[in-house]
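Please read it alongside the view.

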There are 2 protein chains.
Amino acid sequence: MKIYEFATNPSSRRVGIFLKEIGVEVDRVQLNVREGDNLTPEYQEKSVNGKVPMLELDDGTTISETIAICRFFAEHSGKTELFGETPVEKGKVEMWQRIVEFDGLYAGFQAFRNLSGVYSDRERCVPAWGEESKLRVQEFLPKLDKQLSRNDFVVGDKLSVADITAFLFVGFVCERALEIDVLETYPHIQAWYQKLADRPAFQ
Amino acid sequence: MKIYEFATNPSSRRVGIFLKEIGVEVDRVQLNVREGDNLTPEYQEKSVNGKVPMLELDDGTTISETIAICRFFAEHSGKTELFGETPVEKGKVEMWQRIVEFDGLYAGFQAFRNLSGVYSDRERCVPAWGEESKLRVQEFLPKLDKQLSRNDFVVGDKLSVADITAFLFVGFVCERALEIDVLETYPHIQAWYQKLADRPAFQ
């Protein structure tokens, strides 16, 4: 099996960190998404959403969507802890993973794509929605900081897939793409971010 | 335990259909979201995202987010089939559930909220993004129809949580809120929709 990815893409990095944390190695094929390597008819036929990352199994089955790929590897290797262990933990991990994704990461993606026009060769942009999305990202950050003021990780005292999503949200989307000074502004996010950055899988 | 919901809200209906399909009954508390019943400080303190549906356990633990609530009940009751059974099935269900949600349901929510201004008392609207989101919904529908031309359900030959999401997307969001004639236009979606509508849990 192999993963099609664009190494610098935050979704590809989420899968990469997840796999390192559970100790699974998989072959990779690099596609340069900025140059449109994923827009070929062959790739679009294989991939339901047309995006990277995509996992291709040896029988030709393909699985797109970051969290779906992580879920497959967790179940396949039996290392499912990052999705929670009890029913309540599984529910809470899913809740936080989704909230960080929708209110954080995806709002940030919409901000960046609509403001920068980086993919204006393949999608219509609405700059006013980019501005609004950036505001929503800024409104979400205090909620994340509050949660991390009460907990070592996003969901209680254990690392979960929600931390991986939040790590890419803070470092890649806020700090780098949107130039929001999160770490300078939010002390609890900063302490948590540094603790994650020290883990081998996050480097 | 009890679920706070707004019975006509599509996310609350998704949880309701899921629970009927797995045969679990739970007490409900109705909140009128349109009138702002979910905006009280007490509710906002309990709920991480401030929305309905929200599950409250007897010890006070709360779980928000539709899919997180479904996941909790699946694990709690041991009836996890709607999330898939093998690692590959689990990956494919998660992939389709997410694609239908992002490219369908949530694009539709963004279209409706930004165009209608239904929640303009509590969020800033960008009509141009509403128009763009409605176009994206219309571009997604042929993909869903193609998938249903090859499969009895969204993911192969078995009902999954992705069908529940897609059912609300087609009926509630497209047909009702956005006035898009999906069933008249897409024959494979129509056949699948009718098959689901005949199941007791979907009525």
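1. Two strands are taken to pair if DSSP finds at least two bridges between them, and helices (H or I, at least four residues) and strands (E, at least two) are DSSP runs, numbered from the N terminus. The model is a predicted one, in which local features need pLDDT of at least 70 and side-chain atom pairs count only at pLDDT 80 or more, while totals for chains, interfaces and linings use all residues. Residues are numbered from 1 along each chain as its sequence is written, and chains are lettered from A, with ligands numbered from 1, in the order in which they are written.

2. In chain A, four strands make an open sheet of mixed pairing, in the order E2-E1-E3-E4. Strand E2 (27-30) and strand E4 (62-64) of chain A are at the edges with a single partner strand each, so one side of each is left without a neighbour in the sheet. Direction ignored, neighbouring strands are turned by 25 degrees against each other on average, where axes are lines fitted to C-alpha atoms, for helices over the stretch in contact, and angles run from 0 to 180 degrees between N-to-C directions.

3. Strand E1 (residues 2-5) of chain A pairs with E2(A) in the parallel sense over four bridges, and A:Lys2 has A:Asp27 as its bridge partner in E2(A). Helix H3 (residues 66-77) of chain A packs on this sheet, touching strand E3 (54-56) and E4 of chain A, and its direction makes about 125 degrees with that of E4(A); residues are in contact if their C-beta atoms, placed from the backbone, lie within 7 Å.

4. Two backbone details in chain A deserve a look. A cis peptide bond, with omega about -5 degrees, joins A:Val52 and A:Pro53, and A:Pro53 is in the loop between helix H2 (41-46) and E3 of chain A. A:Glu65, in the loop between E4 and H3 of chain A, has a positive phi near 80 degrees although the residue is not glycine. A:Glu65 counts as buried, with 26 C-beta neighbours inside 10 Å (buried is 20 or more other C-beta atoms within 10 Å of its own, exposed 12 or fewer, partly exposed in between, with C-beta atoms placed from the backbone).

5. As for the two chains together, 27 residues of chain B are in contact with 27 residues of chain A. H4(B) gives the most to the side of chain B that touches chain A, with nine residues. Of the interface residues of chain B, 100% are also interface residues in chain A, so the copies meet through the same surface.
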